[in-house]
Structure formats: C-alpha cells, structure tokens
Amino acid sequence: MWLPLIVTLTCLVVSTPRFAHGADQHVLGTITAINAKHVEVKTSKGQVDLQVNNKTRYNDQHNPKGTNMPEVGDRVIIIATKNDKKGVKKGDPPLLATEIHFSTAKRVPISIEPVPVE
C-alpha cells in the first residue's frame with residue numbers, strides 16, 4: 001500500500017523543476033551576423049535568426065562589468081522567448097533574444113619571426 005504512494009510522490013517531486021524553468025528557449029552557437037535589430041547564429045542544427053531589442057541584455061563572460069558587444073565569430077548562449085506580441089511585423093524572426101551571454105573568440109597571434117631551416 002505504501003509503495004504506490006511513495007512512487008507517485010517521488011514522480012511528482014522529480015518532475016516539478018521542469019515546470020519552474022519557463023518557456024524560454026536556449027540557442028548555442030557562433031554569431032555569423034549581428035546588427036541592432038537581429039542576430040544570426042550558426043548552431044549544430046543549422047542557422048537561427050533572432051530579433052534583438054533595447055531590452056536585450058548582453059553579458060561578456062571574460063569581462064562581466066564591461067559594455068562590450070558581441071562580434072561575428074563569438075560563441076554565444078542566447079536565452080530567447082517566442083515573439084508573440086502584436087507589434088511584430090510579418091518578416092521579423094519568431095524568437096526574441098532576452099539575454100545574450102558571449103565569449104570572444106581567442107585570437108591567435110601571428111608569428112613574426114621566421115623559423116630557421118636546418
């Protein structure tokens with residue numbers, strides 16, 4: 001008699017965190033194009049186009065207090081919501097970026113000195 005009750009309560013407790021996450025979607029990839037209105041990200045599943053507005057927050061992983069903006073080639077994790085508002089135009093992307101966490105791509109310095117040949 002206690003076993004079904006324990007199993008039921010365990011299932012309810014384990015499934016509760018899934019509901020707390022919300023309807024946000026995550027996009028992981030590399031920026032291929034960016035401007036003031038949208039961001040294009042290359043992911044493992046293909047190209048994703050996201051809308052950006054003045055409420056979108058940017059977070060540089062290497063300099064959290066800086067005001068840097070992401071550039072083409074930077075790795076990003078974007079938290080986005082579905083763009084269901086009435087002011088959406090027909091050609092706008094279906095996702096609206098709320099937070100953009102980015103890390104600048106590491107630039108490898110070019111060696112200036114020639115390598116001696118023996």
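Author: Accessible areas here come from the Shrake-Rupley method with a 1.4 Å probe. With that in place, ask away; just keep in mind that this is a predicted model.

Reader: Thanks! So what does the accessible surface of the chain come to?

Author: It comes to about 9,600 Å², and carbon and sulfur atoms account for 61% of that.

Reader: And how many helices and strands does the chain have?

Author: There is one helix, along with six strands.

Reader: What share of the residues is buried?

Author: Of the 118 residues in the chain, 21% are buried. As for contacts, take those between residues at least 6 apart in sequence: 55% of them join residues at least 24 apart.

Reader: Let's start at the helix. Where does Leu-5 sit?

Author: Leu-5 belongs to helix H1, which covers residues 2–20. Its relative accessible area is 41%, so Leu-5 counts as partly exposed.

Reader: Changing topic: which residues touch the most other members in the largest nonpolar core?

Author: Those are Val-39, Val-41, Leu-50, Val-76, Ile-78 and Ile-100, in a core of 13 residues. Two or more residues each come from strand E1 (25–34), strand E2 (38–43), strand E5 (75–82) and strand E6 (95–103). E6 gives the most, with four residues.

Reader: What is Val-39 in contact with, leaving aside neighbours within four places in sequence?

Author: Val-39 is in contact with Ile-31, Ala-33, Ile-34, Val-48, Asp-49, Leu-50, Val-52, Ile-78 and Ile-100.

Reader: Val-52 is on that list. Where does Val-52 lie?

Author: Val-52 is in the loop between E3 and E4.

Reader: Is Val-52 buried or exposed, then?

Author: Buried, because its relative accessibility is 5% and the cut-off for buried is under 20%. Again leaving out neighbours within four places, Val-52 is in contact with Ala-36, Lys-37, His-38, Val-39, Tyr-58 and Leu-96. There is also Ala-97, 45 residues apart from Val-52 in sequence, with the two C-alpha atoms 5.6 Å apart in space.

Reader: What about Thr-56, where is that found?

Author: Thr-56 is in the loop between strand E3 (46–51) and strand E4 (57–60). With a relative accessibility of 8%, Thr-56 is buried too.

Reader: Which side chain does Thr-56 join in a polar contact?

Author: The side chain of Asn-53, at 3.2 Å. A polar atom of the Thr-56 side chain also lies 2.8 Å from the backbone oxygen of Ala-97. Not counting residues up to four places away in sequence, Thr-56 touches Ala-97, Thr-98 and Ile-100.

Reader: Last topic: how many salt bridges does the structure hold?

Author: One. Arg-57 pairs with Glu-99, and the closest N and O atoms are 2.6 Å apart. This links distant parts of the chain, as Arg-57 is in strand E4 and Glu-99 is in strand E6, 42 residues apart.

Reader: Are those two buried or exposed?

Author: Arg-57 is exposed, at 53% relative accessible area. Glu-99 is partly exposed because its relative accessibility is 21%, and buried would need a value under 20%.

Conventions
Residues are numbered from 1 along each chain as its sequence is written. This is a predicted model: local features need pLDDT of at least 70, side-chain atom pairs count only at pLDDT 80 or more; totals for chains, interfaces and linings use all residues. Side-chain values use heavy atoms; hydrogens and water are left out. Buried means under 20% relative accessible area, exposed over 50%, partly exposed in between (1.4 Å probe, protein chains only). Contact means heavy atoms within 4.5 Å. A nonpolar core is a set of buried Ala, Val, Leu, Ile, Met, Phe, Trp, Tyr and Cys residues joined through side-chain atoms within 4.5 Å. A polar contact is a pair of N or O atoms within 3.5 Å; within protein, one must be able to donate a hydrogen and the other to accept it, and residues adjacent in sequence count only if both atoms are side-chain atoms. A salt bridge is a side-chain nitrogen of Lys or Arg within 4 Å of a carboxyl oxygen of Asp or Glu.
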